[in-house]
Amino acid sequence: MDRVTLNNGVEMPIRGFGVFQIPDASECERVVADAIGVGYRLIDTASVYGNERPVGKAVRNSGIPREELFVTTKAWISEAGYDRTLRAFEASLARLELEYIDLYLIHMPFGDYYGAWRAMEELYAAGRVRAIGVCNFEPDRLLDLCRNARVVPAVDQVEAHPYAQQTEAMRVMRDLGVQMEAWGPLAEGRNGLFADETLTGIGRKYDRSAAQVVLRWHLQRGVVAIPKSVHRRRMEENFDIGDFTLAAEDMATIAAMDTGRSLILDLHAPSEVERLYNIECEMDGR
């Protein structure tokens with residue numbers, strides 16, 4: 001399974017590549033070029049990452065037909081609101097120097113995201129973007145948006161990994177016809193994931209690393225995953241998960257690792273929300 005079909009019929013690669021925290025333009029361009037060379041066809045960026053220009057340059061110079069690549073970007077909190085989101089989209093498209101965006105997401109469930117969604121619905125209707133969705137929307141907010149939108153989000157990108165599996169969120173998304181996408185699919189290496197005894201033990205059965213086991217687990221759950229690495233060898237390792245299948249008992253073992261809590265970003269913590277709004281202010285001043 002190399003692709004998933006979104007609720008509007010658009011096909012999206014299930015194995016993707018993220019560029020969070022790669023702000024240096026030359027490094028980001030090299031990393032994206034390497035990722036495309038390895039075989040990744042989904043590239044995920046965001047306006048707040050500050051690297052849309054090198055991502056677009058790498059995509060344009062890749063030699064891969066544009067229709068075979070799937071480019072995602074996102075509108076940040078300070079870009080939420082009908083008029084702001086329309087302007088933000090044009091700015092992102094100009095930085096990417098692409099004719100269209102494959103998937104445009106609301107990055108955070110804060111600010112005027114209803115105004116942002118109305119703008120995205122218009123961009124989608126005009127054919128400027130192939131699919132629209134959200135990021136970090138928990139089940140209650142996702143359900144509320146779906147009940148009040150003309151276009152149901154195609155994707156909800158959330159923190160998901162063995163320690164925070166988003167089981168209830170996945171159930172809600174499936175009921176709504178929304179595709180789940182995992183950011184931080186390897187938990188950013190936290191909790192010692194790469195040396196975790198449970199994961200490495202499963203890996204030995206298949207002669208695979210803990211990271212490959214986790215990414216295969218995502219794939220078998222039907223979850224799009226966007227791991228990030230600046231090292232080509234690791235990119236190759238992360239991509240090389242298509243020729244083995246985790247047994248049911250191994251899937252069950254990983255399911256038992258779930259803590260039911262966020263490990264990276266707790267959107268219920270006021271201090272975290274304040275931190276995100278501080279990022280908004282920094283971005284406004286760039």
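On a 1 Å grid over the protein atoms alone, a pocket is an open set of points with protein on both sides within 12 Å along at least five of seven lines, and its lining residues have an atom within 4 Å of a point. A cavity, on that grid, is a set of points where a 1.4 Å probe fits but cannot get out.

Before you start clicking: this is a predicted model, where local features need pLDDT of at least 70, side-chain atom pairs count only at pLDDT 80 or more, and totals for chains, interfaces and linings use all residues. Residues are numbered from 1 along each chain as its sequence is written, and side-chain values use heavy atoms, with hydrogens and water left out.

**Stop 1: the largest pocket**

Select Phe20, Gln21, Trp183, Gly184 and Glu188, which lie nearest the centre of the largest pocket among its 35 lining residues. The space here comes to about 860 Å³, a volume being the space filled by probe spheres set on grid points joined across faces, edges and corners. Now colour helix 9 (232–239) and helix 11 (270–284), the elements that give two or more residues to this lining. Helix 11 gives the most, with three residues. Helices here are DSSP runs (H or I, at least four residues), as are strands (E, at least two), numbered from the N terminus.

By class, the lining has 18 nonpolar, 10 polar and seven charged residues. For these classes, Ala, Val, Leu, Ile, Met, Phe, Trp, Tyr, Cys and Pro count as nonpolar, Asp, Glu, Lys and Arg as charged, and the others, Gly among them, as polar.

**Stop 2: the second largest pocket**

Next, pick Glu138, Gln166, Gly260, Arg261 and Ser262, the closest to the centre of the second largest pocket among its 23 lining residues. Its volume is about 410 Å³. Strand 8 (155–159) and helix 6 (167–176) each supply at least two lining residues, and helix 6 has the largest share, four residues. The classes here are nine nonpolar, seven polar and seven charged.

**Stop 3**

Axes are lines fitted to C-alpha atoms, for helices over the stretch in contact, and angles run from 0 to 180 degrees between N-to-C directions.

To see the contact (heavy atoms within 4.5 Å), show Pro139, Leu142, Leu143, Cys146 and Arg147 of helix 5 with Ala169, Val172, Met173 and Leu176 of helix 6. Eight of these residues are nonpolar, none polar and one charged.

**Stop 4: helix 1 against helix 2**

Move to helix 1 (residues 25–38) and helix 2 (residues 52–60), whose axes come within 8 Å and cross at roughly 40°.

**Stop 5: the cavity**

Which helix gives the most to the lining of the largest cavity? Select helix 8 (residues 210–220), which supplies three residues. The structure holds one cavity of 30 Å³ or more, and the largest cavity has a volume of about 70 Å³. Its lining includes Ile14, Arg15, Tyr40, Leu215, His218 and Leu219.
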